[in-house]
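Open the model in your viewer and keep the selection panel at hand. The stops below say what to select next and what is there.

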Amino acid sequence: MSSNGMERRNFLKVLGVAGAGAAMAGCAREPERLIPYLVQPEEVVPGTSTWYRTTCRECPAGCGMTVRTREGRAVKAEGNPESPISSGRLCARGQASLHGLYDPDRIPQALAREGESWARLSWDQAEQQLADALGRAGGNAVLLSRPEPGSMDRLVDDWCQAMGVRRVVFDPFDHEPIRAAYRALYGRDTLPVHDFSRAEFVVSFGADFMETWLSPVQYAHDFVQAQAYAGGRHGRFVSVTPHQSLTDLNADTWLAARPGTEHLVALALARLVADRTGHAGAAAALLEEVDPGAYTGAAGVSQDQAVLVAEEFVNGGRSLAVGPGVASSHAAAVTLAVAVVALNEAAGNVGRTVWPGPAGPERTTHAGLATLIEEMRAGQVPALLVRGPNPLYDLPSADAAREALDAVPFIASFSPWLDETSARAHLLLPDHHFLEAWGDYDPVPGVHSLVQPVMTPVFQTKHTGDVLLSAARRGGAALPTQAATYYDYLREQWRDVHGRVGSPGQFDEWWVTTLQKGLVVTGDYQQPEALAAAAPPQDLPLEPQALAGDGELHLVVYPSYRFYDGRLANRPWLQELPDPVSKHTWGTVVEINPRTADELGLDNGHLVEVSTPGGTVEVPVWRHPGIREDTIAIQLGQGHEGMGRYARDKGINAIRLLDPIYDPHSGGLVRVQTMASVVPTGRWERQPFSSEQLTQQGRNIFRTTTVAAAVEADRRPVLPSAPAAPRPDPDPEEREPGGLHMGPPDAPAESGYGVHVHPNEAVVHQLQETGGFAPVAVPSGPADYPPPGTHYGEYTEDQPRWAMTIDMERCIGCSACLTACQAENNIGMVGPELVSQGRLIQWLRIERYFDLDGDGEPEGTTFLPMLCQHCGNAPCEPVCPVYASYHTPDGLNAQVYNRCVGTRYCSNNCPYKVRYFNYFSYDWPEPLNWQLNPDVSVRERGIMEKCTFCVQRIRDAEHQARLQGRPVRDGEILPACAQTCPGNAIVFGNIKDPNSRVAQVSSSGRSFRVLEDLNTAPGVIYLKKVVDDRAGGADL
Amino acid sequence: MGRGILIALGVVVIVMLGIVIAGGTTRGPVEQPIPFPHDVHAGTHQIPCLYCHSSAERSISAGIPSMEVCAGCHLPGGVPLVAADSPAVRVLTAYWNAGEQIPWVRVHKLPDHARFPHMLHVVAGLECQECHGPVETMAVMEQVESLNMGWCIQCHRESDARTDCFVCHY
């Protein structure tokens, strides 16, 4: 009886639990609400993308941009193909502009300082406070802003005039030495215009023209166009610099001039070139004094090499010399700028590959800003308005700037971020992000690019143009415009453009079509001007610049590809983007030559104290083979005290190591000014490197070739009807220990094909015939393909085989593809701790391999974009216990998230190491999560993920084709990486279609597949990098 | 012994019943902030589904009609017209005049990791009712089909559509 009772009780308990479970499950389901539009905008169809053209404003280059929006939110930034500046591409900074838009640390609304905290203001109150403060300042107020060529500059100038405000225009990377040289030589305050697309021979003197210098996306695109191997021709690029940045890693020859002597090399080259062309121009007297032997000797560069470079500069096709950049702005930087002009003049390049731009508005130099700081300190500035520059961060003398700001009774900042300077303001008037704002920008002569809002503002911000107009109204100032809003003002200004363009028709119609196009290009774009230069000034310093200080190493500071001058440091995508050279994330490293590091007993991650007369910082070491032994380098852009959660306290601000020394010739900051001492602290910390590998350790992962070998390989007849045969298993005799077959893949004996059939052709055919399935050797022969068991689903043989080619000759390592991939695919940001534990998630990574000679000297660098190879015979697939990793009939190696249970077997079995595991669920703090691509699942903890070839874009193209009743067109599907690549290195398509671009490119004689001897049959086909025969190149 | 097994079996049955009742593959009628009688609109008046859910033939999403679409018939130009004296339309008028949206309760939902392009199914000639049930007879909207993967796959197999995982899950 008792036992029965127990059972009944148990039974009732279980029943109760089951009932409670049912009730809880019922309650837990909060009904999901569907909120309709009140009035649906005409251009919005829910579930489809709307694209807007605008202009990137993350750096002064002004690339045309196309922004994809979904349901009113910007989700992806891409280049505008109509723009000659971006050619449809963007760099990593442009890709990450969405992180500026959705930055959770943006100032949400107008705020006024109240003691240590901030009080919320309505915009009406805020504008009144601004107008009142300007009234009190009585015509002595100063507006400090960046140059913004276009309507904004005109409005600000007019406004300053009407309000009696002094305008100071400042940009930390304004290339004052070049401006000074052009003022002296051409009588214009301007910068040069370049045409890299015609320059087959380029010499750079510290100009990082693929990273931050003037117009990096355009220059990188044009550089690759002119230099990459094509039709038997291959350009040459020589970089003269003590420290190799990303741009210099792409050079065929590195002349490691001592810091402070680049101008000597430039002068020696100019003299050597002038001797050969007999055209010294106005610089004849200057070049007369140049002794090439002595000058190159003083710079530590071999004279023979200089002679070779000069020979080629004259005879090696069209040439171009560029410089100086931020990294070569030493005390003789103006001499260097003059010498670069002389070199271009002597070779007849002026008017062909380079010419002076038109005179621009007046700018303030670093020295000019220092004067303003002094005025502020002396209490002569009653009100300061700041829009853009961040003097507390940008200048070496932070204490002086801080004191100066403290002495100003009223500071208003228009910055959208609480950076170091705006944190000291009294009134915050946060501007819209450029993706929320109307505007325009004239990046170069002849290009008028529009900025239009792609979505409603995320926060309660207001366009500075509107604030200025309102302040003028409140102050009773008469502006030469009747416009009520900045949008009206902009349209007013563009009526002039309409008149100048001379397009027929009404303005309103033209305005709409121009907005759709994004920009107007007028006839004066890229119109070379062959202007004769005047004689260089007499007082230019010609001697080598000895650096001050008693340290034993020269200190070079250089701009950051990721953060520019530091303004973009609060973008988590950029923080987590490995630096293209050091592969370090979320911080700063000091770059030291391995030999110097050995002497000091330093390995990567050792913390050292770097001391200069300007200051001391503690920073981890990275051993950089591409730097002189007597030099160290530190990147700018980190070490913020403000800006936001991602920027604060990451790395160090290298400008703090410098003294405020200004070049009397240009007024620019002398950045290469001091020696530094490096003292090991004895401590070591694991650093957030994405990779510490310097070389490929002889593993033959990437291959290079020479011009002659590439020509020969391309000449071999390609037989379109080559038999589809499986690649024979390499003879076991030829295998090396460990099972890896390391022999040259092109050797006819190994490939099994006659010399008249290109071996890769057969590989391509194999893919085409079999749909990429398991090309393993089967005893019955090729007729039995595909082997049984490799053919899933109910598909027909006319499925495409998606494949990709990556031309390593066109990859400059800029990593724009990487950020594009992060943005497109909702990839989580793991933060510095987890990066140092190797838990970084980046579906696409750029392997940077130095080619070191026996002495450890770099002979060249190769960038290998490594992503899921979508193997036809994928090692990851058979080991998955739950079929989460499997092969699709259209040739994709799929990862099905809802099946994945996180065993990680697939990653262990992947020879390419391109599968990434979510060790945690990573979060996107509001409103960063607004950016998430609604077409891609967000993964959580415990899920394996990897490159999908942007399957959402493939499916979307397939859907559109189906709706229109046509097949998918070649080139219609662009994965995010291929879309943004400035070098156009990546081609994607259906390799089964012999007419597709990807099939044609993969038929190149340079094609190979990484680790193909593992018989993985990858769907990613690489093209060998062409290494100059003279630089030790060989066909490998 | 035998009774033990029987009770254990009973427990299993009841637990499963609990799961079925709660987690259910289909749900009953779902009350909405405004009673929207699909039977009157799509049944009596024969308004085509795509009149209101217009993006179903060109987008992955069928879309919820904007308030403007409701007002187009019931309140053209702000003047009550169709069924002006119905209590529900009076509520609608209040929403519209206040410039507020109706917070509809979602009835059909697929998991976030499943992608369902409406337009391909509409273009392929499927009737809306094949997935959404006899909407034209429903006074209150309810989910009729299970919308689970086996249900999708069954139809895909029968109609020779793609059944590859990566077609819907990415």
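Two residues are in contact here if their C-beta atoms, placed from the backbone, lie within 7 Å. This is a predicted model, in which local features need pLDDT of at least 70 and side-chain atom pairs count only at pLDDT 80 or more, while totals for chains, interfaces and linings use all residues. Residues are numbered from 1 along each chain as its sequence is written, and chains are lettered from A and ligands numbered from 1 in the order in which they are written.

**Chain A as a whole**

Select chain A, which has 30 helices and 38 strands. Helices (H or I, at least four residues) and strands (E, at least two) are DSSP runs, numbered from the N terminus. Of the 1036 residues in chain A, 55% are buried; a residue is buried if 20 or more other C-beta atoms lie within 10 Å of its own, exposed if 12 or fewer, and partly exposed in between, with C-beta atoms placed from the backbone. Among contacts in chain A between residues at least 6 apart in sequence, those joining residues at least 24 apart make up 74%.

**Helices α4 and α17**

Now select residues 123-137 and 464-475 of chain A, helices α4 and α17. Their axes come within 9 Å and cross at roughly 60°, which makes α4(A) oblique to α17(A). Axes are lines fitted to C-alpha atoms, for helices over the stretch in contact, and angles run from 0 to 180 degrees between N-to-C directions. Angles under 35 degrees count as roughly parallel, over 145 as roughly antiparallel, 65 to 115 as roughly perpendicular and the rest as oblique.

Which residues of α4(A) and α17(A) meet? On α4(A) they are E127(A), Q128(A), L130(A), A131(A), L134(A) and G135(A), and on α17(A) they are V467(A), S470(A), A471(A), R474(A) and G475(A). By class, this contact of α4(A) with α17(A) has 5 nonpolar, 4 polar and 2 charged residues. Ala, Val, Leu, Ile, Met, Phe, Trp, Tyr, Cys and Pro count as nonpolar, Asp, Glu, Lys and Arg as charged, and the others, Gly among them, as polar.

**Helices α9 and α11**

Move to α9 (262-277) and α11 (292-299) of chain A, which pack at about 155° with axes 8 Å apart. That angle makes α9(A) roughly antiparallel to α11(A). From α9(A), the contact includes V265(A), A268(A) and R271(A); from α11(A), it includes P292(A), T296(A) and A299(A).

**The core**

Stay on V265(A), one of the residues with the most contacts inside the largest nonpolar core, which has 296 residues. Such a core is a set of buried Ala, Val, Leu, Ile, Met, Phe, Trp, Tyr and Cys residues joined through C-beta atoms within 7 Å. Helix α13 (residues 333-346) of chain A gives the most to this core, with 11 residues. Leaving out residues up to four places away in sequence, V265(A) touches V240(A), L255(A), A257(A), T296(A), A299(A), V301(A) and A306(A).

**Backbone stops**

Select P324(A), in the loop between β13 (319-322) and α13 of chain A. The peptide bond from G323(A) to P324(A) is cis, with omega near -5°. The bond from E926(A) to P927(A) is also cis, with omega near -5°.

Finish at Y564(A), which is not a glycine but has a positive phi of about 55°. Y564(A) counts as buried because 22 C-beta neighbours lie inside 10 Å.
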